[in-house]
Amino acid sequence: PPQLDGRLDDPAWAGTTQAALPFTRTVIRLRQDAGNLYVSARRPAIITSKGDLEPWISKTTGEDAAVWLDDAWEVFFSDGRNERVLHFAVSASGARYDALASGTTREDRGWNGMWRSAVSADTNGFAVELAIPWKTFADAGLDSKSIAFNAQMCQQSLSNELPSKLMWADRMQPELSRSRGIPESLLSLGPLGRERCANFTA
């Protein structure tokens with residue numbers, strides 16, 4: 001299994017990339033063993049239009065923090081039944097958030113599961129590693145044999161990196177004006193945003 005230190009230089013992360021977010025140039029990899037599902041994400045440092053490095057926003061602290069107010073990584077898991085959604089998130093500060101949604105209700109932020117994380121946010125970029133025990137999925141009522149995922153990178157400073165419009169995956173909102181804190185998702189997160197995933201990638 002990979003050693004969780006936020007560096008992503010463990011040999012376990014070499015090889016196949018499972019997904020990418022083109023707006024933030026985030027690369028996502030998943031690995032597994034008998035005990036855990038491992039997820040990593042890396043995005044490059046933000047370079048402003050003047051060629052300067054943009055500092056990472058990392059103000060939140062602790063557990064169950066509103067990490068999406070920082071530069072943050074969020075990942076969502078469901079299964080073939082799509083009845084429950086597990087939500088894990090980590091800020092550039094290392095602050096964490098987890099929640100469980102069931103049925104059509106909004107996610108329960110009071111839910112807490114077992115999982116580990118590590119993060120680094122410096123001039124080399126923003127990197128996150130997660131280790132989620134299969135038992136955590138089972139305890140949340142998800143079938144570990146048919147896990148699917150969705151992910152987004154929350155970026156607080158746009159830094160004049162891109163044009164004034166961002167094309168969005170959600171067909172209900174095909175184009176959104178850019179504003180501070182707009183996230184980039186792998187697929188549509190559905191009408192309830194981060195609190196519910198409408199679509200997943202296996």
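## Exposure of a charged residue

A residue is described as buried when its relative accessible area is under 20%, as exposed when it is over 50%, and as partly exposed in between. Arg7 has a relative accessibility of 36%, so this residue counts as partly exposed. The structure discussed here is a predicted model.

## Salt bridges

Three salt bridges are counted in the model. In one of them, Arg7 pairs with Asp122, and the closest N and O atoms are 3.3 Å apart. This pair links distant parts of the chain, since Arg7 belongs to the segment before strand S1 (19–21) and Asp122 to strand S7 (residues 116–122), 115 residues apart. Asp122, at 26% relative accessibility, also counts as partly exposed.

Another salt bridge joins Glu63 to Arg96, with 3.1 Å between the closest N and O atoms. Glu63 is in the loop between S3 and S4, whereas Arg96 is in strand S6, so the pair ties together parts that are 33 residues apart in sequence. With a relative accessibility of 53%, Glu63 is exposed; Arg96, at 13%, is buried. A further salt bridge is formed by Lys135 and Asp139, whose closest N and O atoms are 2.8 Å apart. These two residues are four residues apart in helix H1, a separation of about one helical turn. Both Lys135 and Asp139 are exposed.

## Aromatic pairs

Seven aromatic pairs are found in a search of the whole structure. One of them brings together Trp68 and Tyr97: the ring centres are 4.9 Å apart and the planes stand at 80°, so the pair is edge-to-face. Trp68 is in the loop between strand S3 (36–43) and strand S4 (72–78), and Tyr97 is in strand S6 (residues 96–102), so the contact ties together parts that are 29 residues apart in sequence. Trp68 is buried at 13% relative accessibility, and Tyr97 is buried with a relative accessible area of 2%.

The rings of Trp134 and Phe137 have centres 5.5 Å apart and planes at 40°, so this pair is tilted. Both residues lie in helix H1 (residues 134–139), three residues apart, which is about one turn of the helix. Trp134 and Phe137 are both buried.

## An aromatic cluster and a charge over a ring

Trp134 and Phe137 also belong to one aromatic cluster, together with Phe77, Phe88, Trp111 and Trp115. Arg96, the partner of Glu63 in a salt bridge, lies over the face of Trp115, at 3.8 Å from the ring centre.

How values were computed: Residues are numbered from 1 along each chain as its sequence is written. This is a predicted model: local features need pLDDT of at least 70, side-chain atom pairs count only at pLDDT 80 or more; totals for chains, interfaces and linings use all residues. Side-chain values use heavy atoms; hydrogens and water are left out. Rings of Phe, Tyr and Trp (its six-membered ring) pair if their centres lie within 6.5 Å; planes under 30 degrees apart count as stacked, over 60 as edge-to-face and the rest as tilted. Buried means under 20% relative accessible area, exposed over 50%, partly exposed in between (1.4 Å probe, protein chains only). A charge sits over a ring if NZ of Lys or CZ of Arg is within 6 Å of the ring centre and within 35 degrees of the ring normal. A salt bridge is a side-chain nitrogen of Lys or Arg within 4 Å of a carboxyl oxygen of Asp or Glu.
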